[in-house]
Amino acid sequence: MATFLYRLGRFSFRRRHFVALLWIALLTLAGVGAASAPAAGSSSFSIPGVEAQKAFDLLEQRFPGSSADGATARVVFKAPAGEKMTDAANKAAVEKTVKELGDGSEVVSVTDPYTTNAVSKDGTVAYTSVKYEVASVELEDSSKEALESTADKARDAGLTVEMGGDALQAEPEQAATGEIIGLALAAIVLVVTLGSLVAAGLPLLTAIIGVGIGVSTITALASALDLGDTTSTLALMIGLAVGIDYALFIVSRYRSELAEGRSREEAVGRATGTAGSAVVFAGLTVVIALAGLSVVGVPMLTKMGLAAAGTVVVAVLIALTMVPALLGYAGRKVKPADAKGRRFGRRPAPDTEGSAGPARPNLGARWASFVVRRPVAVLLLGVVGLGAIALPASQLELGLPDDGSQPTSTTQRRAYDLLSEGFGPGFNGPLMLVVDAKNSADPQAAATAVTDEVKGLEDVVTVTPATFNKAGDTAMITVIPDSKPSSTDTEDLVHAIRDAGTGVTADTDAKVLVTGTTAMNIDFSQKLTDALIPYLGLVVGLAFLLLIVVFRSILVPLKAALGFLLSVLAALGAVVAVFQWGWLAGLIGVEETGPIMSMMPIFMVGVVFGLAMDYEVFLVTRMREAYVHGESPSQAVVTGFRYSARVVAAAAVIMMAVFAGFIGSGESMIKMIGFGLAIAVFFDAFVVRMAIVPAVLALLGKKAWWLPKWLDRALPNVDVEGEGLRTPADARDTDPDEDRELVRA
């Protein structure tokens with residue numbers, strides 16, 4: 001591995017014009033594809049195999065032409081103070097609105113609140129439901145504009161009018177400002193770490209090119225593959241973070257190789273062979289974790305994971321080829337790691353980093369020495385601290401965001417609140433029962449039995465009469481719960497209806513299925529919960545095997561996996577404390593607390609595991625390199641920190657800054673993921689990898705690097721340490737004309 005990457009790095013350095021033009025051509029091609037591709041909206045949502053999806057598919061089949069998947073809108077009216085919606089003037093305004101709404105070209109039906117009993121008992125609130133023939137992602141802008149225009153006319157008549165439903169998707173506020181701030185912070189960290197604007201600019205430039213190719217490709221394929229906006233946002237988030245980090249590690253190692261007195265071409269080759277090997281395996285762990293989301297069986301999550309994994313692959317390839325090419329262009333503008341006004345080529349003192357002559361160890365080495373002297377205290381403090389932060393995760397409640405989680409400034413949220421005020425909180429989350437009576441002797445009796453059974457359950461406010469299809473073998477029944485959609489009481493009601501349906505099936509041979517947005521959310525949460533343990537086993541198992549090959553050890557990968565579990569649990573605890581309990585929620589703009597998004601735990605497991613292994617690989621490979629070259633286990637820990645701690649810390653701060661930039665998003669899912677990933681990186685990099693890892697390695701000593709002889713013989717030698725690059729020849733004279741060429745460039 002190291003030898004191949006060494007040659008690749010030198011090739012990219014020598015043929016930098018070809019490599020740069022190749023990546024620019026790919027970026028241009030992806031950009032043209034994105035610009036010419038049809039626009040794509042939100043991705044369609046389906047959960048194969050769950051009851052709610054089966055019921056939805058059955059409705060499509062048994063009620064043809066009903067546009068079961070069509071967009072819907074609820075226009076909610078509230079009378080002025082002291083008036084009622086049944087007053088003549090208000091009634092006339094509503095009826096005029098209903099008539100205008102029905103004139104839309106894509107409208108299937110509009111209900112009249114005065115004939116469908118859609119006026120609250122106190123007469124102050126009424127609503128009309130609008131059904132469209134196409135899904136919300138296909139709805140024309142003219143239909144949305146007509147909906148808003150009609151609502152404005154009703155407001156002019158003196159009514160309070162708000163709109164909910166998926167026909168008017170809440171437009172999230174873009175997080176561009178936060179992303180720019182995140183990139184600015186990353187640039188500052190790079191300048192401080194690498195010591196020059198040119199060296200700092202390389203990781204930023206290559207990361208932006210890689211993300212540009214990845215996100216543009218996703219945009220170009222979005223319509224054909226049904227990829228939503230969230231897919232490209234997450235790919236941007238992860239691709240930008242790892243792209244900067246991977247390039248940073250290679251540039252940093254390049255500067256260290258220059259400080260050893262090697263020529264620039266040789267330094268590029270060795271940096272790509274050593275740090276590049278770590279980049280490859282770190283990238284593989286991220287790709288395994290993201291691509292592994294496919295096992296969950298949710299198409300939307302699969303697409304998100306594969307798209308983000310593809311962007312990570314591009315980031316790895318960019319780091320291995322374009323970074324060496326750009327280092328060739330930079331020439332002497334990227335200085336050796338110990339360059340502080342000193343002449344290039346002088347070899348630094350053994351224990352220095354950034355100073356001439358003998359000097360005390362740097363901060364990383366001093367910290368590692370402290371941990372090695374007091375491993376038990378550091379280990380206990382780290383484990384107990386993260387364990388305490390993880391405690392809120394035991395109260396984790398899962399759900400999917402609805403209009404009730406929108407900011408109060410949106411019309412969707414205000415419509416949600418008006419409906420809760422006029423008809424009760426459960427009105428925002430109706431349950432739809434589908435009675436499949438095709439095999440029943442008396443479909444009418446079966447539907448009546450279901451209705452009677454459900455009316456007797458707790459938390460039920462209303463059960464509407466059954467509506468049959470033309471064939472008379474399938475019925476729809478709407479149930480209004482007494483509690484809000486995201487509550488545990490509503491979830492219990494769904495399970496109670498399904499249990500009651502089992503008895504009805506035994507008596508009438510009619511199947512009872514529960515669907516609707518609320519039931520779909522409940523089934524989605526349960527599916528993700530059931531998939532978490534198998535997914536965790538698959539991802540951790542594959543990465544464990546990969547790390548055994550990298551570190552040639554059993555205990556080091558085991559320790560890495562356990563440390564990851566601790567950091568991800570602590571991150572989930574922090575997410576629960578902020579987004580569910582509301583602690584410090586105002587600081588990051590969380591207006592509404594509630595259940596944590598269903599996909600958050602499994603998504604965090606996948607992404608954080610991959611990123612956690614990044615730091616493990618970068619930090620511990622340098623320790624193993626020192627150990628393989630003859631240092632004692634304790635001294636190898638200190639050496640690894642001397643050369644890697646500063647860069648790993650900088651990489652973590654950069655990744656935190658990038659993720660934190662997405663906290664400013666107006667979309668709750670992106671905000672939550674940005675916060676969760678940023679805090680997870682902090683816990684993993686600065687507590688687990690910087691404190692717990694060296695403490696455990698110090699306690700284990702030589703046992704940390706133990707590997708059964710039979711397994712050692714069976715495993716391939718990937719040479720991450722670059723042992724194959726060590727030759728008797730002095731590499732400083734590999735290309736005597738190179739420096740003169742670079743000076744001319």
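These are my notebook entries on one predicted protein model.

**Ground rules.** I number residues from 1 along each chain as its sequence is written. The model is predicted, so I kept these limits: local features need pLDDT of at least 70, side-chain atom pairs count only at pLDDT 80 or more, totals for chains, interfaces and linings use all residues, and side-chain values use heavy atoms, with hydrogens and water left out.

**Overview.** I looked up the helices and strands (DSSP runs, H or I of at least four residues for helices, E of at least two for strands, numbered from the N terminus). The protein has 22 helices and 11 strands. Of its 745 residues, 55% are buried. Buried means under 20% relative accessible area, exposed over 50%, and partly exposed in between (1.4 Å probe, protein chains only).

**Helix H10.** I checked the span of H10, residues 299-330. The expected span is 1.5 Å times one less than the number of residues. In H10, 25 of the 32 residues are buried. Glycine 331 follows, with a positive phi near 60°.

**Salt bridges.** I counted 20 salt bridges. Each is a side-chain nitrogen of Lys or Arg within 4 Å of a carboxyl oxygen of Asp or Glu.

Glutamate 51 pairs with arginine 498, with the closest N and O atoms 3.0 Å apart. The pair links distant parts of the chain: glutamate 51 is in helix H3 and arginine 498 in helix H15, 447 residues apart. Glutamate 51 is partly exposed because its relative accessibility is 22%. Arginine 498, at 14%, is buried.

Glutamate 257 pairs with arginine 253 at 3.1 Å. Both lie in helix H8, 4 residues apart, about one turn of the helix. An α-helix has 3.6 residues a turn, so residues three or four places apart point the same way. Glutamate 257 is buried at 8%, and arginine 253 is buried at 9%.

Which lysine meets glutamate 616 in a salt bridge? I found lysine 559, at 2.4 Å, N to O. Glutamate 616 lies in helix H18 and lysine 559 in helix H17, so the pair ties together parts 57 residues apart in sequence. Glutamate 616 is buried, at 0% relative accessibility. Lysine 559 is buried too, at 9%.
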